[in-house]
Amino acid sequence: MIRFILAILIFLLTANAQEILTLEEAINLALKNNHDIKISKNTFEIALNNYSPGNAGLLPTVDLSSGYTKSSNNTKQQYFDGRSINRTGALSNSLNLGVTLNWTIFDGLANYNNYRKLKETKELAQTSTIATSEDIIANVMLAYYDILRQKEILKTFKENIAISEQRVRIAEEKYKVGTGSKTELLQAKADLNADQNSLLRQETELKNAKVNLNLLLGRDPNIDFDISDTINVKNLSFEELKVKALENNRSILIAKANREIAKLNLNSVKSRFLPKINFFIGYNFNRSNSQAGFIASNQNLGFNYGLNFSFNIFNGFNSVREYENSQYEVLNSEIRYEQIKDIVEAQILKLYESYKTSLKLIELEKENLEIARENVEIAIERYRLGVLTPLELREAQKTYIDAESRLISALYQAKVAEINLLKLSGQLINF
């Protein structure tokens with residue numbers, strides 16, 4: 001019987017056990033399940049496959065061709081010497097087989113430029129994949145710490161209810177002994193109900209925050225879980241962030257890659273002003289048979305090789321137009337690169353100011369919270385002794401709750417700024 005009861009208790013405890021989700025687990029789940037990341041990885045694989053000498057035109061091509069023809073003809077031939085041939089249904093057939101190698105040995109270095117462009121495109125796709133992963137990681141971290149924030153706010157509301165319940169008990173005691181009025185007791189209960197209402201709304205906010213994170217993790221929104229982490233803010237250096245951003249910021253790296261691709265496109269257009277030389281070598285076999293005509297059978301077997309030289313003299317000034325357009329594309333890519341660098345630096349500057357302000361507010365609100373906590377404890381005792389009005393106690397209570405809420409908000413805002421700064425400096429992927 002005892003074993004049966006223990007088995008039931010173990011089952012109930014297991015059934016009610018709530019998943020404890022760590023930040024690392026949440027990030028790994030998102031990286032595994034997120035659809036945008038899967039698409040970006042596939043795009044990178046395509047760019048990786050395209051990065052090959054053959055795709056750039058650096059390798060020769062080998063073509064095999066063959067054919068067989070059979071025909072039936074009515075043939076009538078009259079010769080000058082008086083002979084004549086008149087055949088009905090004369091059969092003829094021919095067979096050909098050939099292998100040809102073609103190799104562009106010079107095309108103004110366009111093939112080398114194409115190979116370098118394919119390399120830049122591959123690196124661009126890789127950087128874009130990392131940028132997508134960074135976006136997902138940042139969103140997961142923000143959602144994760146939002147849950148921590150909502151939990152702390154919920155904890156604050158529970159503390160608020162505990163104070164209100166204590167006030168109701170004191171009001172009841174005072175009313176029983178005749179030192180307090182019923183109005184005072186009813187007001188205390190009304191304030192308690194209002195606090196409980198706020199608690200219920202906050203519980204909904206916490207549930208919604210969990211749903212948001214579940215969606216980012218690509219799993220059932222109804223899965224319940226808990227997190228036991230705390231909001232700890234790192235110490236970041238502005239100068240280090242600027243240096244890291246120039247080296248690792250994904251937007252800057254993408255703009256840099258696009259600038260290099262624009263330059264390579266310009267070089268490819270330049271190559272059109274130079275001649276093109278192709279080398280070819282082939283092996284061919286031909287055989288034909290005919291029941292009418294001058295030759296009954298014919299067979300050829302052998303190699304052929306040589307060079308082709310081509311040079312465009314005039315194409316309606318299209319090469320000149322494309323060259324000028326490519327020059328403007330290079331200029332635009334340079335401007336975009338400098339523009340993105342300025343934008344990233346400005347974002348870091350603004351976020352770092354917000355980060356520093358939040359750090360100062362954290363220290364200030366910690367001090368305010370201690371003062372408010374001591375003040376509310378004194379206020380409760382004075383209310384118990386009857387030297388403090390209910391309104392004054394409620395005000396002290398509100399001051400305490402507001403101080404705690406501001407501290408939670410400052411911690412969360414500092415963490416948000418930290419996450420975005422790490423993302424801008426390209427350090428979030430290694431977090």
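**Model.** I am working from a predicted model.

**Core.** I looked up the largest nonpolar core and found 71 residues in it. Val 140, Met 141, Tyr 145, Leu 213 and Ile 348 have the most contacts inside it. I then checked which helices supply this core. Helices 2, 5, 6, 7, 8, 9 and 10 each give at least two residues. Helix 5 (110-177) has the largest share, with 18 residues.

**Salt bridges.** I searched the whole structure and got 24 salt bridges.

Arg 219 and Glu 19 pair through their side chains, N to O 3.3 Å. Arg 219 sits in the loop between helix 6 and strand 4, and Glu 19 in strand 1; they are 200 residues apart. I noted Arg 219 as buried, at 18% relative accessible area. Glu 19 is partly exposed at 30%.

Next I took Arg 394 and Asp 195, which meet in a salt bridge at 3.0 Å, N to O. Arg 394 is in helix 10 and Asp 195 in helix 6, so this pair ties together parts 199 residues apart in sequence. Is Asp 195 buried or exposed? I find Asp 195 buried, with a relative accessible area of 5%. Arg 394 is partly exposed at 22%. I also traced a salt-bridge network that links Arg 167, Asp 191, Asp 195 and Arg 394.

Last, I checked Lys 398 with Asp 402, whose closest N and O atoms are 2.9 Å apart. Both lie in helix 10, four residues apart, about one turn of the helix. I logged Lys 398 as partly exposed at 48%. Asp 402 is also partly exposed, at 28%.

How values were computed. Residues are numbered from 1 along each chain as its sequence is written. This is a predicted model: local features need pLDDT of at least 70, side-chain atom pairs count only at pLDDT 80 or more; totals for chains, interfaces and linings use all residues. Side-chain values use heavy atoms; hydrogens and water are left out. A nonpolar core is a set of buried Ala, Val, Leu, Ile, Met, Phe, Trp, Tyr and Cys residues joined through side-chain atoms within 4.5 Å. Buried means under 20% relative accessible area, exposed over 50%, partly exposed in between (1.4 Å probe, protein chains only). A salt bridge is a side-chain nitrogen of Lys or Arg within 4 Å of a carboxyl oxygen of Asp or Glu.
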